Amino acid sequence: GAKAHGRRTFRFFQPEMDAVARARRQLEFDLRSAIADDAFEIHYQPVVDLRSNKITGCEALLRWRHPTRGMISPGEFIPIAEDTGLINEIGGWTLAAACAEAVQWTDDITLAVNISPVQFRQPTLALLVASVLGSTGLPARRLELEVTEAVLIHDDDAALTTLNQLRALGVRISLDDFGTGYSSLSYLQRFPFDKIKIDRAFVDSIDNADGSTAIIEAVVNIAASRHMTTTAEGVETVRQRDILRALGCTQMQGYLFSPATPAPKFRALLTKHRNTEAA
Ligand code: C2E
Ligand code: MG
Ligand code: MG
Ligand code: MG
C-alpha cells in the first residue's frame with residue numbers, strides 16, 4: 001500500500017539526501033579553515049565609464065580554491081558562509097585584503113566590495129570599515145560598498161542608520177542587483193544610495209525587445225534625478241553596450257570588457273589600459 005511504497009521511496013532517497021547533506025557539512029567544515037589555509041583569492045573586474053571608455057573602478061569578487069574540489073563559486077559558498085555566520089569573518093578578510101591591494105595601484109580608481117546582508121546587520125559594520133580604511137590607508141572616497149535590497153527589508157531604521165554611518169565616513173554605497181527580488185522604486189527615495197547597479201537579467205534581455213530597454217531607461221532617469229549613477233552588470237555584447245550608452249547609463253562591467261581577474265593580471269590590465277589611453 002501507500003505506506004510500503006512510502007517506506008520504499010524513503011529508503012531509496014535517503015542515501016542520496018545523506019550525500020547532499022554530508023557534502024554540505026563538509027563544505028561548511030572546510031570553509032571554517034579556508035582563511036587560515038589561505039584558500040581565498042580576490043579577483044577584480046574592471047568597471048568602465050560608458051562615455052570616456054576609461055576604467056574608473058573595479059569590483060572585488062571572492063574566489064575559493066578548495067583543496068580537492070578546485071574553484072568553488074561564491075554563488076555556492078557565500079550562502080553557506082551566511083548561514084553559519086562565517087561571512088562576518090570572511091567578509092572582514094575580503095574587505096581588508098581588497099583595500100590593501102587597491103591602495104597600491106597608481107590609478108585613482110574605485111574599489112567596490114560586496115557586503116552580505118548578514119554583515120550589514122552587524123551594528124559594528126561602520127567601525128570595521130573605518131578601521132580597515134585606517135589600517136590600509138585607502139582613501140574613503142575610493143571605496144564603494146555594494147549591498148542588495150535584502151538589507152532593507154528587515155529593519156528600515158537600523159539599515160538607514162548603518163547607511164548613514166558608512167556615508168559619514170566618506171564611503172559610497174551601491175544598490176546591487178537592482179531589479180531582482182523585492183525591488184521597489186521607493187527604496188531609491190528612502191535610502192541614500194550613490195549608485196544603482198542594474199542587474200544582468202535586464203542587460204541580457206536588451207536583445208529580446210521585451211521592454212527591458214524601457215525599464216533601464218526609467219531606472220537611469222530616476223537615478224539621475226536623485227544624483228545617483230548607474231552601472232550595468234553583465235555586459236557581454238557591443239550591441240548591449242551601445243544601447244546602454246544611448247540610454248544614458250553611466251558605467252558598465254561585463255565580459256565584453258573583461259571578466260574578474262587575479263590581482264597581478266588586473267594590475268597589468270590597468271597599466272595596458274593607461275598606455276592605450278595615452279597613445
Ligand atoms: P554580484 O556582486 O552581482 O557580482 C557580479 C557577478 O556577475 C560576478 O559573479 C561576476 O563574475 C559576474 N559577471 C560579471 N560580468 C559578467 C558577464 O558579462 N556575464 C556573466 N554571465 N556574468 C558576469 P561571481 O564572481 O560568481 O559572484 C556572484 C555573486 O557572489 C556576486 O554577485 C555577489 O553577490 C557574491 N559575491 C562575490 N564576492 C563576494 C564577497 O566578497 N562578499 C559577498 N558578500 N558576496 C560576494
Ligand atoms: Mg556586486
Ligand atoms: Mg550584482
Ligand atoms: Mg548578483
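Me: Which of the 20 residues around ligand 1 come nearest?
Reply: R63, N114, D176, E236 and Y255. Bear in mind that this is a predicted model.

Me: OK, confidence then. What mean pLDDT does the protein chain have?
Reply: The mean is 90. Of the chain's residues, 92% reach 70 or more.

Me: And what ipTM and pTM for the complex?
Reply: The predictor gives an ipTM of 0.98. The pTM is 0.93.

Me: Back to the ligand. Where does ligand 1 sit?
Reply: In the largest pocket.

Me: Which side chain has a polar atom 2.5 Å from a nitrogen of ligand 1?
Reply: That side chain belongs to E236. R200 also faces a ligand nitrogen, with a side-chain N or O atom 3.1 Å from it.

Me: What about D176, how far is its side chain from a ligand oxygen?
Reply: An N or O atom in the D176 side chain is 2.9 Å from an oxygen of ligand 1.

Me: How much of ligand 1 does the protein bury?
Reply: 82% of the 800 Å² that ligand 1 exposes when taken alone.

Me: Which elements each supply at least two residues of the shell?
Reply: Strand 2 (55–66), helix 2 (74–84) and strand 6 (172–178).

Me: Which one gives the largest share?
Reply: Strand 2, with 4 residues.

Me: Last one. How do the shell residues divide by type?
Reply: There are 8 charged residues, 6 polar and 6 nonpolar around ligand 1.

Methods: Residues numbered from 1 in each chain as written. Chains lettered and ligands numbered in written order. Predicted model: local features only at pLDDT ≥ 70, side-chain atom pairs only at ≥ 80, totals over all residues. Heavy atoms only, no water. Near = heavy atom within 4 Å. Polar contact = N/O pair within 3.5 Å; in protein donor to acceptor, adjacent residues only side chain to side chain. Areas by Shrake-Rupley, 256 points an atom, 1.4 Å probe, with all protein chains shown as cover. 1 Å grid on protein atoms, 1.4 Å probe; cavity = no way out; pocket = protein on both sides within 12 Å on 5 of 7 lines; lining within 4 Å. Sits in = over half its atoms within 2 Å of the grid points. Nonpolar A, V, L, I, M, F, W, Y, C, P; charged D, E, K, R; others polar. pLDDT = per-residue confidence, 0-100.
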